[in-house]
Every structure is written in C-alpha cells, then in structure tokens.
Amino acid sequence: MHTLFRFNTSPMPNVWPSNFRSALTQPAALSYKALAYPDKPDTNSFLFNFVRSSWLALFAACLFQVVFFLSVANLFALSCIIIAWALLSAQFLRPDRLNTYPLSSFLLLGFTATQFYFPLVFTTLEGKPVVFNLELPYHVFGHSGLSLLVLLLAHAAYRGIVKMPLSNPNGLLGKIGLFTPPADLQLWLMGLTGLGATVYAYFISPSVGWEVTGAASDKAIQGLIPFSYAPFFIPFSRMYGNMKDPDKRLVPMLVAFTLLLFVVSIGRNSRGAFMLGFTSVGFGFGLALLLGIFKTRLFTMRNAALAGLAFLLVTGPIADIGTAMVIVRGQRSKISNAELIELTWQAYQDKDAIRARRQNDNTTADEWDERYLDNIFTARFSNLKFNDASLVQSTKIGDQDKDMLTYSINYILGALPDPFLKALDIDADKENVYGVSIGDYLYAEAGGPIEALGGFRTGHFAGTGMAAFGWWYLAILGFGMIPVYFLFDLFVAYVPISNKAPGTGTPLRFSLCGLLVLTGIFQFLPAESVVTTATFLLRGWIQMILLYVVLFQATRLVSKVFQGPKTMSPADYARLTRR
C-alpha cells in the first residue's frame, strides 16, 4: 500500500557504505538510508568547499570587526554568530542531513544566515559594526541565539518522530501530480498565467492587489502571481525530474520574459516583485549544488566572474532602480501605471536624487527606526533592525499584553475561510487584523500614532512574541515548527535510481511547487510572529498545493494540444517510478 510518508522504527546502520553511487543501486530500504556520503568527507565536493570557504569568510569578517569596531556589544554579537554557524555547520551542512531532510535543513540555513551570518558579512562590506544602530544588541542576539536552540531542538524532535520524511512518488501527493515532471511548455504557460494574474491584480483591477478581503475568485487569481517565475527553472529541470536538454532558444526567450517582468514590477512599484522570484531560482541552484545534483568547482574564474557581475548588479543599477521606486512611491495611488513607469525611469536617471534619498534614509530616524544596511536588497535578507525595533516596542508594552494576545489569536482565526468562520459564528475581523502588519499593531500598542496603522512595518517574532506571550513564545515556536518542517520536506520525493533512466544522478525529486517557494522557505523565519506557523498549517500549505495542482493540470491539458502524446501522463510516471 502506497503511503504519503513512511516511518522507520529500525536503527540507522552504524557504518555507511563506502561508495555513494554503488549504494544507490542497492534495494530501496538500504539506498534510502544511504543517501549520505561515506564517513570520510569528499574534499572535492561543493558542500565541503562551501563550508570551508564560509568559515574563512566568517573569520576574516570577524577580524575586521575586532580591529575596527572593538566593543563589548560587538564581541558578544560575534561570539553568537560563531556559535550559531558552528551549530548549523555541524548539524545540517552535511550530506546525510541535507539529503534526508532537505527543505527543513534549508529553512534552518535561512534563519541562521539572515539572523547571524549575512548581517556580519554585509555590515563588514559596508564598513559598519555588526551592531550598527541596534539599541538592544544583547537582546537581539540573545533572542536569536535562544530561538536557534529551540529550532534545533524542534528539528531533533521531528527527526525522532519521522525518520524518512521524503514523499513517496506513488503516494497521495504524487497521484495528484505534485511530482510529475512538467514539460517546458507548461512552465511557460504557468509563467504567462502568473504574469497575467499580476496585470489583473495591480493594473486592471488594482483593488484586488491591495485589499485584504475580497471575492474568492480575485484572491485565487492573486495567488497565481508567484508562478510568474516558473520559466526560470527550466535550466534546472533535473531537480524536478525532467532530463530533457533545454531548447537552444531558451536564453533569448528568458531575457525577453525578464524585461517584461521588469516593466510590470516597476508599474506596480514593487522591488520585491522583481527580485524575490529570481532569488528562488538562485536558491534552487545553490541547493542543487549543496546536494550534489549539479557538479561544479567553487573556485573558478567563471564562478568568480559571475559572482562579481551579480554583486555589481545588486549594488549598482538594481539598487538604484529600487531607490527610484521608493522616490516615486508616494504618487503610485494618484497616477496611472504608465506614468509611474515613466517617473521611475526619470528618477533612476537622476543619480543626485538617488544619493540624496539614501543619505536622508540613513540619517533620518523616528521611533520605528529600520536603518541598518545601505543596500535595499541585501537589507531584505539581513536587517536586524526589525528584531531590534520590535524588541524596543515590546519593552514599552511589557510581557503578555492582553491586546497583543487578542490580536495574535484573531490573526490565527483570520487564516480560516470565511464560510467556516460564519458557520461557527466567529468574528475574526479580518479587515482590521490583516489590514495592518503585526509590526504596525505592536508600534501603535506601544504608544505610536494611530496613523502608524497601515504603514506595514515589518515586525519580528521575538518582540511581538514577548509582547503577546512572554517567554512562552519560544515554546510556541518550537512546537509549531515541528509540523512545518515535515510539510516542507514533503515537497521532495525519493525515487530509487534503479527505476530511473541512467544518468539522472540523484534519487531526490523536487516538486516544482516547492522550488517556486524556495525564497519563502529560506525566509520563513524570522516571521512577524510565532503564530505564523499556525496560519501556515491552517491555510498556507494547503492553498499552495491546491493552486499548483490546478495550474499544473490545466497547463498539462493545454500543452497536450501542442505536444500530443509526447507529454507524460501521471499514470505513465507512476508506472515508471513504481518499485
């Protein structure tokens, strides 16, 4: 009988097979356990060199910090960063853990990177102390350190409960098409559908994109927007099981599609809309390298050139475009999208205005101060001021504030469908709860002006957790993350090598659905509140699956019109992967 996941009550073998590739040809039960490399690390693997290089960069940054920004607070922060990276490296940057619990390990990598490693690296590159502009540096790194320990303990509990978390391709998720490799045409159709949903939600009917509640059909259309970036995963089709070589016209087609997405993103005045989808592609490639799905040497002239080009783009023209969007943001509700694009282009060309805006942002502060990094894109992945600002406001409120607790409960209830709430006569007041960010509510509750509501300040679960639950927020975080780990790992299936065509190289099969949300997985924590785990369990994961399956089946039907019998059916795929 096929099952969604399998529990293992037998102990793991004490000695791993000496040859990884030969281990994968063994019977299914053994090969599943033998996803790890041998006891002796492969010094030529990307993972080994990545870990070694990360430590070299960390120590170089720490040395810079100690020489130029020596202080007790900075030393405390550096100690926390070293300990956090050591824990992550020892526990999760290793082949057996990455291969057996890939996406939950990636989530932990994301938390450790955004709260510890990236702030150190990016502040060093900008010539700042890692505790720059932090009012409560000891609280910030203390809470992050305790949270990491809780997350590691929660993952240990998860591993104790579910020994083999990867999906069975013949299980329920496989039968609905989650692991059926989509054809290239399907990804293009998904991308165009997502692009069309963006145009509808922000251009044709802009109220859909900004309103909290609305018609179910409108919200379903809005949920299709992340699929805009599906075509960018075609070069990495091996990850989701499509072994066909990409079309030779792929590169110019992707360039044209990128320009189209770029124009649409400027028209809706959203920096994240342009960048975050591409980061999923980058994260997907990086994860494939760590898992050994793709092979490359870390230190090559080509990689160095690509890294240098990416750095120049992010710190140069892309950062300027982001600042230009901010300059004209106040007018986006007053003018047409075409005029907004034109104004953004004009602002981008005015380098003096861009420099003046950045200087103003770096020197002007109010009670909710988010100044940390100069670069607006690196700040999205490493801004510790969100943590600091939330903790500052929570100290004004005190622990276990009744209003914050009520708001947090309503935030959970608001994730439930309206018909369900009406049937139970529950008034979750979605409009007021989701019409502001949790950071907004925390700021207003701490004495901020009523006008603060609707500013969508980014809160952090440490500050909002202390205000609503006190130190119990750590326990809520730990228990809530156990099922979250499990649900994310279900986006990966185990397909025995013996049932696959030669040359596929790995028994791991990612669902395209999971790849599309890799940025969300990487940034799942820090969330604005620990109750985010509850909203994800109640609605987020299920909604993600349903939207993908509906779009997958629809594009599959359309692609069959063009490709005929060449498109593989789920039944054919099930026969191919049946053991």
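A salt bridge here is a side-chain nitrogen of Lys or Arg within 4 Å of a carboxyl oxygen of Asp or Glu. This is a predicted model, so local features need pLDDT of at least 70 and side-chain atom pairs count only at pLDDT 80 or more, while totals for chains, interfaces and linings use all residues. Residues are numbered from 1 along each chain as its sequence is written, and side-chain values use heavy atoms, with hydrogens and water left out.

View 1. The closest N and O atoms of E126 and K128 sit 3.3 Å apart, giving a salt bridge. K128 also meets D374 in a salt bridge, at 2.9 Å from N to O. Helices are DSSP runs of H or I with at least four residues, strands are runs of E with at least two, and both are numbered from the N terminus. K128 counts as buried at 9% relative accessibility, whereas E126 is partly exposed at 25% and D374 is partly exposed at 35%. The cut-offs: buried is under 20% relative accessible area, exposed is over 50%, and partly exposed is in between (1.4 Å probe, protein chains only).

**View 2. The K351–D320 pair.** Here the side chains of K351 and D320 form a salt bridge, 3.2 Å from N to O. The partners are 31 residues apart, with K351 in helix α17 and D320 in helix α15 (residues 317–328), and the pair links distant parts of the chain. K351 is partly exposed at 31% relative accessibility, while D320 is buried at 13%. Back at the previous view, shared partners join E126, K128 and D374 into one network of salt bridges. For the whole structure, the search turns up nine salt bridges.

View 3. Most residues other than glycine have a negative phi, and most peptide bonds are trans. N133 has a positive phi of about 60° although it is not a glycine, and its place is the loop between α6 (102–125) and α7 (137–161). Q400, also not a glycine, has a positive phi of about 55° and lies in the loop between α18 (385–397) and α19 (402–413). N133 is partly exposed, with a relative accessible area of 23%; Q400 is partly exposed too, at 48%. The peptide bond from L525 to P526 is cis, with omega near 10°. P526 lies in the loop between α26 (518–522) and α27 (532–563).

**View 4. T519 and T279 side by side.** A polar contact of 2.7 Å joins these two side chains. The term covers a pair of N or O atoms within 3.5 Å; within protein, one must be able to donate a hydrogen and the other to accept it, and residues adjacent in sequence count only if both atoms are side-chain atoms. T519 is found in helix α26 and is buried, with a relative accessible area of 6%.

View 5. D184 lies in helix α9 (residues 184–204) and counts as buried at 18% relative accessibility. Which residues touch D184, leaving aside its neighbours within four places in sequence? They are I234, Y240 and N242, where contact means heavy atoms within 4.5 Å.

View 6. Accessible areas come from the Shrake-Rupley method with a 1.4 Å probe, and for residues only the protein chains shown count as cover. F68 lies in helix α3 (residues 46–68) and is exposed, at 54% relative accessibility.

**View 7. Zooming out to the chain.** The chain has 28 helices and two strands, and buried residues make up 53% of its 579 residues. Its accessible surface comes to about 25,900 Å², with 65% belonging to carbon and sulfur atoms.
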